[in-house]
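Subject: Structure for you to look at

Hello,

Please find the structure below, followed by notes on what turned up in it.

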Amino acid sequence: MNIYQVANTNSHLSSLSNKFSKSIVNFIECSHLISDYISSLQRPILNNINCRINQGEFVVLLGLNGAGKSTFLKSLVGLVPLVKGEININGISVSNHNLAQIRQDVGMLFQGGGLIKQLSAIDNVLCGRLGIRKTGQTLWGFPQRDRTLALELLKQLGLEKQAYQKTSKLSGGQQQKVAIARALMQSPQILLADEPTTGLDILSSQQVMNTLAELHQKGLTIITVLHDLVLAQEYGTRAIILDKGEVIYDGKCENLQDKLQDKLS
Ligand SMILES: Nc1ncnc2c1ncn2[C@@H]1O[C@H](COP(=O)(O)OP(=O)(O)OP(=O)(O)O)[C@@H](O)[C@H]1O
Ligand SMILES: [Mg+2]
C-alpha cells in the first residue's frame, strides 16, 4: 500500500465519506483577502489577495521574508482574522462555524514543524486525530485502529524504527516527515506546507519534496511555501509570488529567479 492509500484508508476509519474516491470539485477561492491593519507595517499583512487554486495543483508560494506567505497559509485554515474578503473551500465559506470541517479537509505543516518535541513520533502523529475524535474517545488513549494507522503512515515515510523515539531526538528531515504524517492523519484533500525543507540538507529536502510529490501524484492538492527556487521549479506546477501582502506573480514555474527580481526591483 502506498502512502496515499494509507491516507485513504484513514478516511474509511474515520467514517467520514470516502472523499478521495469521489470526484469532488475541490478548490480554494480567495477573494479580496484583507487582514488587520498593522501600524508597524503601515498596511494589512494580507493586502487584497485574490487567487483560485484548483484540485490537483502543486502551488509553490514564494516571496521575501515578511511578504505574508505564512499569514496567507494560516488564513486558509481560519487562523488569521480577516477584515474583508472571503475564502471559499470546496464551496464552503471559511468561518468560525465550520472550522472543524475545514481543518479535516485542509492539513497544515507549520513553519518549523510545530511538533511537541517531548512526545514520541507516533504520539505526535496521533495528535492529527484530535480534531476528528471526541474527547471521550481519546480519554483513555487513542483507539488501536488510530495507532495502527499512525504506525503505517510512519512506516510509509521510512520512520518505522523511529516511531517510539522522542521527536527531539530525530533529525530535521525525520521531524518534517513526522509532521507530514500528522497532517495525513486527518485524510486531508489539500495540504498546506510552510517551508517544509528549510534547514534540511539536500538529501532530506529531496526526500520531503518527493513525499509531497507522491501525495500530489495521488490526488492531493499541495500549496507549499519555499525559498529554494530550484526546488520550486522542479516540483511546482504553478508559482504564486507575494510581496507586501499582495500577489505580484501567478503563473508557470519558469524563470522564477528573473520573475522575482523583475517584480521586486
Ligand atoms: N500577529 C502579528 N502581529 C503583527 N505583525 C505580524 C504578525 N504576524 C506577522 N506579522 C508581520 O507580518 C509580516 C508577514 O509575516 P509572515 O510571517 O506572513 O511572513 P512570511 O512571508 O511568512 O515571512 P518568512 O519568509 O520570513 O517566513 C511580517 O512583517 C511580520 O512581522
Ligand atoms: Mg513564513
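pLDDT is the predictor's confidence in each residue, on a scale from 0 to 100. It matters here as the model is a predicted one. The protein chain averages a pLDDT of 86, and 86% of the residues score at least 70. Among the elements of the chain, strand β5 (residues 58–62) has the highest mean pLDDT, 98, while helix α1 (residues 3–13) has the lowest, 50. Over residues 10–23 the pLDDT stays under 50, and for that stretch the model has 19 contacts beyond four places in sequence.

Overall make-up

There are 10 helices and 12 strands in the protein chain. Of its 265 residues, 42% count as buried. Taking contacts between residues at least 6 apart in sequence, 70% join residues at least 24 apart.

The ligand

The shell around ligand 1 consists of Ile38, Leu41, Ile45, Gly63, Asn65, Gly66, Ala67, Gly68, Lys69, Ser70, Thr71 and Gln111. By type, these divide into 4 nonpolar, 7 polar and 1 charged. Helix α2 (residues 69–76) gives the most to this shell, with 3 residues.

Which residues of α8 are buried? They are Ser205, Val208, Met209, Thr211, Leu212, Leu215 and His216. The face of α8 turned away from the buried side carries the exposed residues Ile202, Leu203, Asn210 and Gln217. After α8 comes Gly219, with a positive phi near 125 degrees.

The buried residues of α6 are Asp146, Leu149, Ala150, Leu153, Leu154 and Gln156. Seen down the axis of α6, these fall within an arc of 160 degrees, so they line one face of the helix. Gln144 and Thr148, on the other side of α6, are exposed. Gly158 follows α6 and has a positive phi, near 80 degrees.

Two single residues

Lys263 lies in helix α10 (residues 256–264). Is Lys263 buried or exposed? Lys263 has 12 other C-beta atoms within 10 Å, and a residue counts as exposed at 12 or fewer, so Lys263 is exposed. Leaving out residues up to four places away in sequence, Lys263 touches Ile241, Asp243, Ile248 and Tyr249. The C-alpha atoms of Lys263 and Leu242 are separated by 9.8 Å, the two residues being 21 residues apart along the chain.

Met185 is found in the loop between α7 (172–184) and β9 (190–194). Met185 has 25 other C-beta atoms within 10 Å; the cut-off for a buried residue is 20 or more, so Met185 is buried. Cys127 is 58 residues from Met185 along the chain, with their C-alpha atoms separated by 8.4 Å.

Regards

Key: Residues numbered from 1 in each chain as written. Chains lettered and ligands numbered in written order. Predicted model: local features only at pLDDT ≥ 70, side-chain atom pairs only at ≥ 80, totals over all residues. Helix = DSSP H or I, 4+ residues; strand = E, 2+ residues; numbered from the N terminus. Contact = placed C-beta atoms within 7 Å. Near = placed C-beta within 6 Å. Nonpolar A, V, L, I, M, F, W, Y, C, P; charged D, E, K, R; others polar. Arc of directions from axis to C-beta.
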